[in-house]
Amino acid sequence: MREKLLVLELWGIGDLAIASPFLQAASRAYDVTLLAKPHARELQQRFWPDVNLIPFTAPWTAFRGKYRLCRWPWAELSRLVRQLRAGQFAVAASARRDPRDAVLLHFSGARRRVGF
């Protein structure tokens, strides 16, 4: 049984395109789950069909109102954290130098976290 890898790419479709070679290579060695915006489905079937996708739009990626914490979907974030913890990931990774991504990596419960 292969180890599970969680990859966070919560921003734009261009970032997903850049991450595609990594996702393809990683899926040969790991059972990969990608946490990304719903538009990731457009690339998934063509470029990395073996990658599991959890569609999620992080509130901190919005163009407006991203710092209005009272408007964040806290119940949805809580469900997401429970889902990630249930995934029992061996490794979680994010290439983005964003403290909110780092916090989400921490809350994923992955044994090893890779990123900035």
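User: Why does Leu 105 count as buried?

Analyst: This is a predicted model, in which local features need pLDDT of at least 70 and side-chain atom pairs count only at pLDDT 80 or more, while totals for chains, interfaces and linings use all residues. Residues are numbered from 1 along each chain as its sequence is written, and side-chain values use heavy atoms, with hydrogens and water left out. A residue is called buried under 20% relative accessible area, exposed over 50% and partly exposed in between, with a 1.4 Å probe and protein chains only. Leu 105 has 5% relative accessibility, and therefore counts as buried.

User: Where is Leu 105 found, and with which residues is Leu 105 in contact?

Analyst: Leu 105 is found in helix α4, where helices (H or I, at least four residues) and strands (E, at least two) are DSSP runs numbered from the N terminus. Contact means heavy atoms within 4.5 Å. Leaving aside neighbours within four places in sequence, Leu 105 is in contact with Leu 8, Ala 92, Ala 93, Ser 94, Arg 113 and Val 114.

User: Why is Leu 34 called buried, and what is Leu 34 in contact with?

Analyst: The relative accessible area of Leu 34 is 0%, so this residue is buried. Leu 34 has its place in strand β2, and, neighbours within four places in sequence left aside, its contacts include Val 7, Leu 16, Leu 23, Trp 48 and Ile 54.

User: Is Ser 20 buried or exposed?

Analyst: Ser 20 has a relative accessible area of 7%, and is therefore buried. This serine lies in helix α1, and Ser 20 touches Phe 47 and Trp 48 when residues up to four places away in sequence are not counted.

User: What makes β1 and β2 a pair of strands?

Analyst: Two strands pair if DSSP finds at least two bridges between them. Between β1 and β2, which run parallel, there are six bridges, so the two strands pair. Within this pairing, Val 7 has Leu 34 in β2 as its bridge partner.

User: Which other strands pair, and over how many bridges?

Analyst: Strand β2 (residues 31-36) is joined to strand β3 (residues 52-55) by four bridges, and these strands run parallel; here Leu 35 has Ile 54 in β3 as its bridge partner. β1 and β4 also pair in the parallel sense, over four bridges, and the partner of Leu 5 in β4 is Val 91.

User: What makes a crossover right-handed, and which elements make a right-handed unit with β1?

Analyst: A crossover is right-handed if, with the strands pointing away from the viewer, the path from the first strand over the helix to the second runs clockwise. β1, α1 and β2 make a right-handed β-α-β unit.

User: How do you know what belongs to a nonpolar core, and which residues of the largest one touch the most other members?

Analyst: A nonpolar core is a set of buried Ala, Val, Leu, Ile, Met, Phe, Trp, Tyr and Cys residues joined through side-chain atoms within 4.5 Å. The largest nonpolar core has 19 residues, of which Leu 10, Leu 35, Trp 60, Leu 84 and Leu 104 touch the most other members. The elements that give two or more residues to this core are β1 (4-9), α3 (74-86) and α4 (99-107), and α3 gives the most, with four residues.

User: What is called a pocket, and which residues lie nearest the centre of the largest one?

Analyst: On a 1 Å grid over the protein atoms alone, a pocket is an open set of points where a 1.4 Å probe fits, with protein on both sides within 12 Å along at least five of seven lines, and lining residues have an atom within 4 Å of a point. Of the 18 residues that line the largest pocket, Val 7, Phe 22, Ala 93, Ser 94 and Ala 95 lie nearest its centre. α1 gives the most to this lining, with six residues.

User: Is Gln 88 buried or exposed, and what is its phi?

Analyst: Gln 88 has a relative accessible area of 64%, and is therefore exposed. Its phi is positive, about 50°, although Gln 88 is not a glycine, and Gln 88 is found in the loop between α3 and β4. Most residues other than glycine have a negative phi.
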